[in-house]
Amino acid sequence: MQIEINDIGDNLRRVTLTGRLDTPGVLGVEPRFVTGLVSGGKNAIVDLSNVDFISSMGIRMFISVARNMKDRQTKLALYAPQPRVDEVLESAAFRQLVPVCKDAAEATALVQR
Amino acid sequence: MPDCVLRFPATFDAYPRAAEQLREALDRRTLDERPRYRVELVFEEVVTNVIRHSSSRHLSCSIEVDIRFEKDQVVLSFEDDGRPFDPRQYELPPLPQSLEEAGVGGLGIMLVRGASTHIDYERTRENRNHLTVRIAA
C-alpha cells in the first residue's frame, strides 16, 4: 500500500492511496495517514480509485481518522471507490459515518462547505 | 478433497504470505470479480480475527484453511487451535448512525455474514475451532 499526500491551496489536503487496505496494507500506511490528516489541520479528500481491496481494518482506519479530524473541526471525504470496494463500504453502512463521493470535485465541495 | 490447503502460524508476520498464497490459488481459477473479492474478504476477516484473539492471550496457535471450488460456490474451511469461538453466536451491535457511535467490534463478522451464503461451526473432538463458510460463485 502506497500513500501520497499533496496540499491543494491553504486548507485542503489530498491523499492518494494505492494498493490493498487489508491488514498488512493498513499496518504499513496507517502512521503516515493518521499523521498527515489528523495533525495537518486541514480538510482532506482521499482518492480511492487505486485501492483494489478494503477490509474491516481499512474501514476502521478511516472511521478513527474521521473521528479525530471532526474533534479538530476538520472534514474528511473519500471519493472514487472501485465497485467491489464500494460494495464493502455499503455493507458496512460506512456512508452514514464518512462521506464517499463520486469524484474529487464533489469531495472537495463537500469538505470545503 | 480440498483444491488448496494453507497451513500457517496464527501471527501477523505469517499472514501476508498466507494471503498471497490464497491469491495465487484464486489466480489459477476463473472466478468472477465479486465472488473472488468475497473469498479474499472472508479469508482476511476470519484469519485476522483468529490471530488477534490468539495473540491477545499470548498463545501459540496455528491455522489451516482448506479451499474447495465447486460449481456454484467456493467453500472455505478454517481450523485453528485457539480458544472456542462460534461467530454465529456473536450478536452484532446496531449499525452506528454517527461517528461518535461507531464502535470497534463486530465489523469483521458483519462483513463475513454479508459475503457468505452459509456459515457452519463446530468445536471438534480435538478441541479445535472448525468454521466453514460458503460463498456463491
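## Around Val98(A)

Apart from its neighbours within four places in sequence, Val98(A) is in contact with Phe62(A), Ile63(A), Ala66(A), Leu76(A) and Leu78(A); two residues are in contact if their C-beta atoms, placed from the backbone, lie within 7 Å. The model is predicted: local features need pLDDT of at least 70, side-chain atom pairs count only at pLDDT 80 or more, and totals for chains, interfaces and linings use all residues. Residues are numbered from 1 along each chain as its sequence is written, while chains are lettered from A and ligands numbered from 1 in the order in which they are written.

Val98(A) also belongs to the largest nonpolar core, which has 65 residues; Leu76(A), Tyr79(A), Val98(A), Val42(B) and Phe43(B) touch the most other members. A nonpolar core is a set of buried Ala, Val, Leu, Ile, Met, Phe, Trp, Tyr and Cys residues joined through C-beta atoms within 7 Å. A residue counts as buried if 20 or more other C-beta atoms lie within 10 Å of its own, as exposed if 12 or fewer do, and as partly exposed in between, with C-beta atoms placed from the backbone. Helix α2(B) provides the largest share of this core, nine residues.

## The sheet of chain A

Helices (H or I, at least four residues) and strands (E, at least two) are DSSP runs, numbered from the N terminus. Two strands pair if DSSP finds at least two bridges between them. In chain A, five strands make an open sheet in the order β1-β2-β3-β4-β5, with mixed pairing. Its edge strands, β1 (2–8) and β5 (100–101) of chain A, each pair on one side only.

Strands β1(A) and β2(A) (residues 12–21) run antiparallel and are joined by seven bridges. Ile8(A) has Leu12(A) as its bridge partner in β2(A), and Asp7(A) stands opposite Arg13(A). The hairpin of these two strands has three residues between them, and Gly9(A) there takes a positive phi near 70°.

Strand β3(A) (residues 43–54) pairs with β4(A) in the parallel sense over four bridges. Ile45(A) stands opposite Ala77(A) in β4(A). Both faces of β4(A) (residues 76–79) are covered: Leu76(A) and Leu78(A) are buried on one side, Ala77(A) and Tyr79(A) on the other.

## Helices of chain A

The axes of α1(A) (residues 23–38) and α2(A) (residues 56–71) come within 10 Å and cross at roughly 10°. That makes the two helices roughly parallel; angles under 35 degrees count as roughly parallel, over 145 as roughly antiparallel, 65 to 115 as roughly perpendicular and the rest as oblique. Axes are lines fitted to C-alpha atoms, for helices over the stretch in contact, and angles run from 0 to 180 degrees between N-to-C directions.

On the α1(A) side of the contact are Thr23(A), Val26(A), Glu30(A), Phe33(A), Val34(A), Leu37(A) and Val38(A); they meet Met57(A), Gly58(A), Met61(A), Val65(A), Asn68(A) and Met69(A) of α2(A). By class, the residues of this contact are nine nonpolar, three polar and one charged. Here Ala, Val, Leu, Ile, Met, Phe, Trp, Tyr, Cys and Pro count as nonpolar, Asp, Glu, Lys and Arg as charged, and the others, Gly among them, as polar.

Pro83(A) lies in helix α3(A) (residues 83–91). This residue is exposed, with 9 other C-beta atoms within 10 Å. The C-alpha atoms of Pro83(A) and Asp52(A) are separated by 9.3 Å, although the two are 31 residues apart along the chain.

## The sheet of chain B

Chain B has an open sheet of five strands in the order β1-β2-β3-β5-β4, with antiparallel pairing. The edge strands β1 (4–9) and β4 (118–123) of chain B each pair on one side only. Neighbouring strands are turned by 15° against each other on average, direction ignored.

Strands β2(B) (residues 62–69) and β3(B) (residues 73–80) pair in the antiparallel sense over seven bridges. Phe69(B) stands opposite Val74(B) in β3(B). Helix α1(B) lies across β1 and β2 of chain B, at about 175° to β1(B).

## Where the chains meet

In the interface, 22 residues of chain B are in contact with 19 residues of chain A. On the chain B side, α1 (15–27), α2 (33–56) and α3 (107–115) each supply at least two residues. Helix α2(B) gives the most, with eight residues. By class, this side of chain B has 13 nonpolar, four polar and five charged residues.
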